[in-house]
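Me: Walk me through the labels used for this model. I want each value set against its cut-off.

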Amino acid sequence: MRILVMLGAPGAGKSTRAKLLAELLGLLHVASGDLFREAVAQGTALGREAKGYMGRGALVPDAIVTGMIEDRLSQPDAAAGIVLDGFPRTRAQAEVFDASLARRRERVTAAVYIGVREVELIRRLSGRWVCKANGHLFHATDGPPKVPGVCDYDGSELFQRDDDRPETVRARLEQQLPPMFDVVDYYRETGVLLTVDGEQEFDQVKESLLRALGDQLQLPGGVGRR
Ligand SMILES: [Zn+2]
């Protein structure tokens with residue numbers, strides 16, 4: 001079973017790449033947020049337990065989250081393996097996850113870190129502008145309006161949501177990056193980390209990903225090699 005972990009900051013394009021990799025390698029894409037919502041909605045034992053914690057406003061223990069992933073791993077559509085997206089978020093979770101995999105005689109095949117510099121993350125995440133009339137979206141550098149501050153479609157004024165302001169983005173990253181780097185370090189220490197430059201063009205990132213994974217996964221027939 002192949003178990004890939006995707007790591008990357010918000011704005012690094014982690015989920016897009018996780019889905020793409022899952023598709024290319026015939027693995028199941030497992031987004032931790034979806035998994036959580038499904039378990040709670042389906043009322044599984046772990047889902048009910050998790051709901052109890054959330055109802056009390058408490059954090060759901062790592063063992064429960066890991067248990068949900070284990071349950072998912074046991075289902076037939078995950079037989080070939082999974083690409084985990086959004087988990088682990090802390091070193092402690094990574095350790096609990098490794099221990100649970102070891103009990104099943106499995107291990108993380110590779111952890112793929114999509115590296116993007118903080119200054120570039122801020123550019124990507126803080127460039128969004130929204131039209132007041134109809135919510136049309138623009139990006140200051142990646143898809144700017146023809147006239148700054150004016151919607152191309154209806155001429156209405158563009159504004160930035162609080163969440164998209166550079167100072168908000170910067171503050172959020174300051175909270176989110178340190179635990180992510182702890183997880184990156186953890187997988188570097190356990191010898192499964194692969195780093196891909198996430199600032200290349202989309203297709204180049206895809207090629208780098210497959211090339212980096214080629215040896216780790218012993219992909220057949222030149223997949224990912226040139
Ligand atoms: Zn508009």
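Reply: Start with burial: buried means under 20% relative accessible area, exposed over 50%, and partly exposed in between, with a 1.4 Å probe and protein chains only. The model is predicted, so local features need pLDDT of at least 70 and side-chain atom pairs count only at pLDDT 80 or more, while totals for chains, interfaces and linings use all residues. Residues are numbered from 1 along each chain as its sequence is written, and side-chain values use heavy atoms, with hydrogens and water left out.

Me: Why is S32 called buried?

Reply: S32 has 14% relative accessibility. The cut-off is under 20%, so S32 counts as buried. S32 sits in helix α2. Helices are DSSP runs of H or I with at least four residues, strands are runs of E with at least two, and both are numbered from the N terminus.

Me: What is S32 in contact with, leaving aside its neighbours within four places in sequence?

Reply: D85, G86, F87 and R89. Contact means heavy atoms within 4.5 Å.

Me: What makes E23 exposed or buried?

Reply: E23 has 67% relative accessibility. Exposed starts over 50%, so E23 counts as exposed. Helix α1 (residues 14-25) holds E23. E23 and L73 are 50 residues apart in sequence, and their C-alpha atoms are 17 Å apart.

Me: Why is α2 called roughly perpendicular to α4?

Reply: Helix α2 (residues 32-42) packs on helix α4 (residues 62-73) at about 85°, with the axes 10 Å apart. Under 35 degrees counts as roughly parallel, over 145 as roughly antiparallel, 65 to 115 as roughly perpendicular, and the rest as oblique. That makes α2 roughly perpendicular to α4. Axes are lines fitted to C-alpha atoms, for helices over the stretch in contact, and angles run from 0 to 180 degrees between N-to-C directions.

Me: Which residues of α2 and α4 meet?

Reply: L35, F36 and A39 of α2 meet V65, M68, I69 and R72 of α4. By class, that contact has six nonpolar, no polar and one charged residues. Ala, Val, Leu, Ile, Met, Phe, Trp, Tyr, Cys and Pro count as nonpolar; Asp, Glu, Lys and Arg as charged; the others, Gly among them, as polar.

Me: What makes α6 oblique to α7?

Reply: Helix α6 (residues 118-125) and helix α7 (residues 166-189) pack at about 130°, axes 10 Å apart. That value makes α6 oblique to α7. The contact joins E118, L121, I122 and L125 of α6 to V169, R170, L173 and L177 of α7. Its residues divide into six nonpolar, no polar and two charged. E120, L121 and I122 of α6 are buried, and the cover over the buried residues of α6 includes α7.

Me: How do you know which protein atoms are donors of the zinc ion?

Reply: Donors are N, O and S atoms within 2.8 Å of the metal (3.2 Å for Na, K and Ca); water is not among the atoms, so sites may look incomplete. C131 (SG), H136 (ND1), C151 (SG) and two entries for D154 (OD) lie 2.1 to 2.7 Å from the zinc ion. Their spacing along the chain is C-x4-H-x14-C-x2-D. H136 lies in the loop between β5 (128-131) and β6 (137-139), and D154 in the loop between β6 and β7 (158-159), so the pair ties together parts 18 residues apart in sequence.

Me: Why are H136 and D154 called partly exposed?

Reply: H136 has a relative accessible area of 25%, and D154 has 30% relative accessibility. Both values fall in the partly exposed range.
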